[in-house]
Amino acid sequence: MAYLGEQRMVHRDLAARNILVASETEIKISDFGLARAFGEKDYYRRTDNSVLPVKWHAPESIDHGKCTTASDVWSFGVVLWEIFSYGKVPVYRFHDGKEIPSPLLGDELSRGVRLEPPVNCPKIITEMMNQCWTYTFNGRPSFKELGDRLGILVD
């Protein structure tokens with residue numbers, strides 16, 4: 001994902017379903033159907049009404065169609081959630097426990113709603129997910145930072 005960012009590309013569909021395990025030490029990102037180059041700018045703005053997997057999308061992508069490497073970082077936080085929940089589908093909930101419908105998700109994310117950490121998720125991973133889900137895109141870690149931190153955990 002750091003490489004994609006260096007190439008001025010956004011994936012826009014980073015999710016566990018699009019990650020292939022090649023070996024114990026190698027994974028491959030797949031399904032580049034929604035990937036876009038952002039050219040001269042530092043973002044890609046969606047101009048059509050295509051349906052996107054909003055449960056994996058950052059607030060700026062949902063609300064304004066703005067996709068950046070930082071919005072892919074948000075999605076990576078959801079991927080971590082998927083991994084540590086053993087492949088469950090993410091469900092965002094109101095404070096009363098009811099599921100948030102997709103059309104309301106952007107507003108609820110702006111109010112601070114996030115996925116609940118998976119049961120028995122290590123604290124360091126929960127913290128990493130929450131950093132990926134920082135509301136402002138410039139407050140999220142880079143893929144390089146995330147890779148470095150994950151590398152330390154594996155060593």
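Before the details, some ground rules. The model is predicted, so local features are used only at pLDDT of at least 70 and side-chain atom pairs only at pLDDT 80 or more, while totals for chains, interfaces and linings take in all residues. Residues are numbered from 1 along each chain as its sequence is written, and side-chain values use heavy atoms, with hydrogens and water left out.

I start with the overall layout. The chain has six helices and six strands. Here helices (H or I, at least four residues) and strands (E, at least two) are DSSP runs, numbered from the N terminus. Reading from that end, the order is α-β-β-β-β-β-α-β-α-α-α-α. There are 155 residues in the chain, and 41% of them count as buried. Buried means under 20% relative accessible area, exposed means over 50%, and partly exposed is in between, with a 1.4 Å probe and protein chains only. Next, contacts, meaning heavy atoms within 4.5 Å. Of the contacts between residues at least 6 apart in sequence, 56% join residues at least 24 apart.

Now the core. A nonpolar core is a set of buried Ala, Val, Leu, Ile, Met, Phe, Trp, Tyr and Cys residues joined through side-chain atoms within 4.5 Å. The largest one has 25 residues, and those with the most contacts inside it include Trp-74, Phe-76, Met-129 and Trp-133. Two or more residues come from each of α3 (69-84), α4 (105-110), α5 (123-132) and α6 (143-154). Helix α3 gives the largest share, seven residues.

With 16% relative accessibility, Phe-76 counts as buried. Leaving out residues up to four places away in sequence, Phe-76 touches Leu-14, Cys-132, Phe-143, Leu-146 and Leu-150.

Which kind of pair do the rings of Phe-76 and Phe-143 form? The rule is that rings of Phe, Tyr and Trp (its six-membered ring) pair if their centres lie within 6.5 Å; planes under 30 degrees apart are stacked, over 60 edge-to-face, and the rest tilted. That rule gives one aromatic pair. The ring centres of Phe-76 and Phe-143 are 6.0 Å apart and the planes stand at 80°, so the pair is edge-to-face. It links distant parts of the chain, since Phe-76 is in helix α3 and Phe-143 in helix α6, 67 residues apart. Phe-143 is also buried, at 10% relative accessibility.

On to the pocket. Rolling a probe the size of a water molecule over the atoms shows where empty space is left. On a 1 Å grid over the protein atoms alone, a pocket is an open set of points where a 1.4 Å probe fits, with protein on both sides within 12 Å along at least five of seven lines; lining residues have an atom within 4 Å of a point. The largest pocket holds about 810 Å³ of space, a volume being the space filled by probe spheres set on the points. It is lined by 25 residues, and Ile-19, Ile-27, Phe-76, Ile-83 and Leu-150 lie nearest its centre. At least two lining residues come from each of β2 (19-23), β3 (26-29), α3 and α6. The most come from α6, which supplies seven.

Next, strand β2, which holds both Leu-20 and Val-21. Leu-20 is partly exposed at 46%, and Val-21 is exposed at 67% relative accessibility. Beyond four places in sequence, Val-21 touches Glu-26 and Ile-27, and Leu-20 is in contact with Glu-26, Ile-27, Lys-28 and Ser-30.

Last, some loops. Most residues other than glycine have a negative phi. Arg-8, in the loop between α1 (2-6) and β1 (9-10), has a positive phi near 60°. Arg-12 lies in the loop between β1 and β2, and its phi is also positive, about 70°. Arg-8 is partly exposed at 32%, whereas Arg-12 is buried at 3%.

Pro-53 sits in the loop between β5 (44-45) and α2 (59-64) and is buried at 17%. Arg-17 in turn lies over the face of Trp-56, 4.4 Å from the ring centre. That label needs CZ of Arg or NZ of Lys within 6 Å of the ring centre and within 35 degrees of the ring normal.
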